[in-house]
Amino acid sequence: VQLQASGGGLVQAGGSLRLSCAASGRGFAMGWFRQGPGKEREVVAAITWSGGSIYYADSVKGRFTISRDNAKNTVLLQMNSLKPEDTAVYYCAARRSSGNIAYTGGYEYWGQGTLVTVSS
């Protein structure tokens, strides 16, 4: 399975960006993760294949929205009201296995990452 993330860039605090992840396969739960400077990788948002279950990290609730278009094998992350602390490399990931979609270790496939920089 190949994952291609795009949409990162430089934005001022309070601005918006939309990340996109294209997958080469179907039937996966998908997640967005990020790793900031000097920090461990953390889950940002995740969504099951059906879209019936969605998870958000507390730090992004109310600001970020994850969605998917299964016809296009694409998952989006709309990021609004961005803060400097959102600066990180963002990764999309996919998992076939069942389980907690917020669990980083459960993801079997990872994209290359896209850099998001939020200036103050």
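**Entry 1. Terms and a first residue**

I count a residue as buried under 20% relative accessible area, exposed over 50%, and partly exposed in between. I note here that the model is predicted.

**Entry 2. The salt bridges**

How many salt bridges does the structure hold? I find four. One of them joins the side chains of E42 and R34, at 2.8 Å from N to O.

Next I looked at K61. K61 forms a salt bridge with D58, and their closest N and O atoms are 3.1 Å apart. D58 is exposed because its relative accessibility is 64%.

The side chains of R63 and D86 also meet in a salt bridge, at 2.7 Å from N to O. R63 is in the loop between β6 (54-56) and β7, and D86 is in the loop between β8 and β9, so this pair ties together parts that are 23 residues apart in sequence. Are these two residues buried or exposed? R63 is buried, with 10% relative accessibility, and D86 is buried too, at 1%. I also traced a network: salt bridges that share partners join R34, E42, R63 and D86. As a general point, side chains of opposite charge can pair when their charged atoms come close.

**Entry 3. The loop residue K83**

I went on to K83, which is in the loop between β8 and β9 (88-95). Its relative accessibility is 35%, so K83 counts as partly exposed. Which residues does K83 touch, leaving aside neighbours within four places in sequence? I find R63 and V118. I also checked K83 against F33: they are 50 residues apart along the chain, and their C-alpha atoms are separated by 16 Å.

**Entry 4. The open sheet**

I then followed the strands. Four of them form an open sheet in the order β1-β3-β8-β7, with antiparallel pairing. The edge strands are β1 (3-6) and β7 (64-69), each of which pairs on one side only. From one strand to the next the twist averages 15°.

Strand β3 (residues 17-23) runs antiparallel to strand β8 (residues 74-79), and six bridges join them. Within this pairing, L19 has L77 of β8 as its bridge partner, and S20 has L76. β7 and β8 are likewise antiparallel and pair over six bridges. Here F64 stands opposite M79 in β8. The hairpin of β7 and β8 has four residues between the strands, and N73 in this hairpin takes a positive phi near 50°.

Last, I looked up the nonpolar side chains. In soluble globular proteins, such side chains tend to be buried together. The largest nonpolar core in this model has 28 residues, and M30, W32, L77, M79 and Y90 have the most contacts inside it. The strands that each supply at least two residues of this core include β4 (29-35), β5 (42-47) and β11 (114-119).

I took L77 as an example. Another core, of seven residues, lies apart from the largest one. F33, V43, I101 and Y107 are among its members.

Notes. Residues numbered from 1 in each chain as written. Predicted model: local features only at pLDDT ≥ 70, side-chain atom pairs only at ≥ 80, totals over all residues. Heavy atoms only, no water. Pairing = 2+ DSSP bridges. Axes fitted to C-alpha atoms, helices over the stretch in contact; angles between N-to-C directions. Buried < 20%, exposed > 50% of the residue type's maximum accessible area, 1.4 Å probe, protein only. Contact = heavy atoms within 4.5 Å. Core = buried A, V, L, I, M, F, W, Y, C linked by side-chain atoms within 4.5 Å.
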